[in-house]
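Visitor: I have not looked at this one before. Can you take me through it?
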Amino acid sequence: MEKSKVLVVGGTGYIGRRIVKASLAQGHPTFVIQRPEIGLDIDKLQILLSFKAEGATLVEASFADHKSLVEAVKKVDVVICTMSGVHFRSHNLLMQLKLVEAIKEAGNIKRFLPSEFGMDPARMGDALEPGRVTFDEKMVVRKAIEEANIPHTNVSANCFAAYFVPNCSQLGTLTPPKEKVFLYGNRNVKAVFVDEDDVAAYTIKTIDDPRTLNKTVYIRPLENILSQGQIIEMWEKLTGKELDKSIISAEDFLASMKGMDYAAQVGVGHFYHIYYEGCLTNFEIGEDGEEASKLYPEIQYIRMDEYLKRYL
């Protein structure tokens, strides 16, 4: 079967650059939006040029120019948007509505994957303020996609490993703790951690798969369903050093939001849902969803004990 042509929007971003590489690696003709607003951002330009050297086609288009978006979309079969939705970097989720309009006008797209890649927003209707804005905006985009009758797949990738694993899920840092670690609740609530390159590989697998059409694909590899306590134990085993542990109650954790800036409050809220409520694992995947590692057992996903070794 001929591989679908793929357009990646947000290809220079954290997950976007991995999506581009995975698309190329799996043999898809791959196009990447180059926005004129890039200006003097030399790092983004260098990333785009590296994609071009690897075989990708750069397509100039802007969210400020509807016609350019439509023309870009007409070149491909599949559109994947990876625009950031995290508040400590940039938060542009509703800009996707312009992309939805372009896809609707172009009329040729076989599959659209909006920028999700985290918790399933459809299950976060009771999320805390201010962090719920992320889920609410993703649902606005989903509604627009469905109302436009655009074929789609939503990818719920749970926790990107680099943000949650090496730091033993400590807020405000990305590197491993040296002496002390804070435990959330009873530390045994299960979450799901996925290497970002694996997220990209699974995502590209979905785009030509009829089993994932108009469904949510959850990336939930069995051996990466772990508690915070298990992650800490893995790190202690690798280092041969036991960390000093302090337990934070749910009440104290939520109280810590007071006085924090907006982005930090969002982070605390999301951590609360993951580690106190177990929002990533407290449900069974129904008929409206699929689990990626079961669909694509050929992908040899990275286990978290192996992932941690790069931080030694």
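Guide: What follows goes through helix packing, cysteines, backbone details and a few single residues.

Visitor: What kind of model is it, and how are residues numbered?
Guide: This is a predicted model, in which local features need pLDDT of at least 70 and side-chain atom pairs count only at pLDDT 80 or more, while totals for chains, interfaces and linings use all residues. Residues are numbered from 1 along each chain as its sequence is written, and side-chain values use heavy atoms, with hydrogens and water left out.

Visitor: How do you describe two packed helices?
Guide: By the angle between their axes and the distance between the axes. The axes are lines fitted to C-alpha atoms, for helices over the stretch in contact, and the angles run from 0 to 180 degrees between N-to-C directions. Helices (H or I, at least four residues) and strands (E, at least two) are DSSP runs, numbered from the N terminus.

Visitor: OK, at what angle do helix 3 and helix 4 pack?
Guide: Helix 3 (residues 66–73) and helix 4 (residues 96–106) pack at about 60°, and their axes are 8 Å apart. That makes helix 3 oblique to helix 4. Angles under 35 degrees count as roughly parallel, over 145 as roughly antiparallel, 65 to 115 as roughly perpendicular and the rest as oblique.

Visitor: Which residues of helix 3 and helix 4 meet?
Guide: From helix 3, H66, L69, V70 and V73 meet K98, L99, E101, A102, I103, E105 and A106 of helix 4. By class, this contact of helix 3 with helix 4 has seven nonpolar, one polar and three charged residues. Ala, Val, Leu, Ile, Met, Phe, Trp, Tyr, Cys and Pro count as nonpolar, Asp, Glu, Lys and Arg as charged, and the others, Gly among them, as polar. Contact means heavy atoms within 4.5 Å.

Visitor: And helix 4 with helix 5, what angle is that?
Guide: About 10°, with the axes of helix 4 and helix 5 10 Å apart. That makes helix 4 roughly parallel to helix 5. The residues of this contact divide into six nonpolar, one polar and no charged. Q96, L97 and V100 in helix 4 meet V140, V141, A144 and I145 in helix 5.

Visitor: V140 is in that list. Is V140 buried or partly exposed?
Guide: V140 counts as partly exposed because its relative accessibility is 40%. Buried means under 20% relative accessible area, exposed over 50%, and partly exposed in between (1.4 Å probe, protein chains only). V140 sits in helix 5 (residues 132–147). Leaving aside neighbours within four places in sequence, V140 is in contact with L94 and L97.

Visitor: Changing topic: how many disulfides are there?
Guide: A search of the whole structure finds zero. C168 is in no disulfide, and the nearest cysteine sulfur, that of C159, is 14 Å away. A disulfide is a pair of cysteine sulfur atoms within 2.5 Å.

Visitor: Are C168 and C279 buried or exposed?
Guide: C168 counts as buried, at 0% relative accessibility. C279 counts as buried too, at 10%.

Visitor: Which peptide bond is cis?
Guide: The one joining E129 and P130 is cis, with omega about 0°. P130 lies in the loop between strand 5 (111–113) and helix 5.

Visitor: What about the phi of S169?
Guide: S169 has a positive phi of about 65° although it is not a glycine. Its place is the loop between helix 6 (161–164) and strand 8 (180–184). S169 is buried, at 1% relative accessibility.

Visitor: And what is the phi of R187?
Guide: R187 has a positive phi of about 65°, and it is not a glycine. R187 lies in the loop between strand 8 and strand 9 (190–194), and at a relative accessible area of 23% R187 is partly exposed.

Visitor: Last one: which residues of helix 1 are buried, and what covers them?
Guide: In helix 1 (residues 16–25), G16, I19, V20, A22, S23 and L24 are buried. The cover includes strand 1 (6–9), strand 2 (30–34), helix 2 (42–53), strand 4 (78–81) and helix 7 (196–206). Just after helix 1, G27 takes a positive phi of about 85°.
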